Amino acid sequence: AVDGLLVIDVENDPFDPHGAWIATSPGDRANTILHTSDEGETFELRGTFPRGTLLERVVPAPSDPMRVYASGVVLATATEPRRAYVWRSSDGGRTFDATEIPLIDVDRTDYGERNVHVLGVDPTSADIVYARTVRRITDMMEERLLRSEDGVSVRPADIEALAAWEPKAEPSREIAYTPARTLLQDFTGVPCVVDLAAMRDAMRKLGGDPKKINPLTPVELVI
């Protein structure tokens, strides 16, 4: 947590080696976009979103230090359906313009699209952003399996099994899922760091190379 806020996404600042962008979604308070320039020692509040908004991503443009994108949804109310948006800032995250992304069959629980994720910003043009709508959690899992398929830890049969998954069926095989990144807060992150240090020490005592003991995926530790 950052000052009691639930961190949803963290992205490195491409223009500041000590900087990062943070999206928070505390649930009972306004969602916010924060920025740090000192590796998390202090945080500056940039953008604020009204209650009912659930942020999912914050993505800075690699070609423009003032351009920042965010994505997420505004929850349904008694009179309005759930709506998905990509928000664009041209002043360093202080104000955002919203573009609604249509969701298909949003009211269906079996197939309806539930959210939109900004995947990235074109490295040569801050005006080109890539996003995709998401139906269910397995949408993202299928994409991760496709990106991780190596014929060993993730095989084509694993991807086919997930694509044919039936929610009500009895589980018959494990999912060879590899996350893109692991985000840890201090309570769970510090023990992981201690475990890595202990394994490296054991590798050194056995005469091996301790540099081989590393996480398989990028890890962000927020303290």
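Q: How far apart are the end C-alpha atoms of helix α3?
A: They are 28 Å apart. Keep in mind that this is a predicted model. The helix covers residues 186–205, and at 1.5 Å a residue its 20 residues should span 28 Å, so the two values agree.

Q: OK, and what follows α3?
A: G207 does, and its phi is positive, near 85 degrees.

Q: Switching to the big picture: how many helices and strands are in the chain?
A: The protein chain has 3 helices and 12 strands.

Q: And how much of the chain is buried?
A: Of its 223 residues, 36% count as buried. The chain exposes about 13500 Å², with carbon and sulfur atoms supplying 55% of that.

Q: How many bridges join β2 to β3?
A: There are 5, and the two strands run antiparallel. β1 and β2 also pair over 5 bridges, and β3 (residues 31–36) pairs with β4 over 5 bridges.

Q: Which residues stand opposite each other, then?
A: N12 stands opposite A20 in β2, and W21 stands opposite H35 in β3. H35 also has a bridge partner in β4, namely E44.

Q: Why call β2 largely enclosed?
A: Because 5 of the 5 residues of β2 (residues 20–24) are buried, the strand is largely enclosed by the rest of the structure.

Q: Which way do the β2 side residues point?
A: A20, I22 and T24 point one way, while W21 and A23 point the other way. All of them are buried.

Q: Now D9. Where does it sit, and is it buried or exposed?
A: D9 is in strand β1 (residues 7–12). Its relative accessible area is 4%, and under 20% counts as buried, so D9 is buried.

Q: What does the D9 side chain make a polar contact with?
A: With the side chain of R57, at 2.9 Å.

Q: And what else is D9 in contact with?
A: Leaving aside neighbours within four places in sequence, the contacts of D9 include W21, I22 and A23, which belong to strand β2. E56, V58 and R181 are in contact with D9 too, along with R57.

Methods: Residues numbered from 1 in each chain as written. Predicted model: local features only at pLDDT ≥ 70, side-chain atom pairs only at ≥ 80, totals over all residues. Heavy atoms only, no water. Helix = DSSP H or I, 4+ residues; strand = E, 2+ residues; numbered from the N terminus. Buried < 20%, exposed > 50% of the residue type's maximum accessible area, 1.4 Å probe, protein only. Polar contact = N/O pair within 3.5 Å; in protein donor to acceptor, adjacent residues only side chain to side chain. Contact = heavy atoms within 4.5 Å. Pairing = 2+ DSSP bridges. Expected span 1.5 Å × (residues − 1). Areas by Shrake-Rupley, 256 points an atom, 1.4 Å probe, with all protein chains shown as cover.
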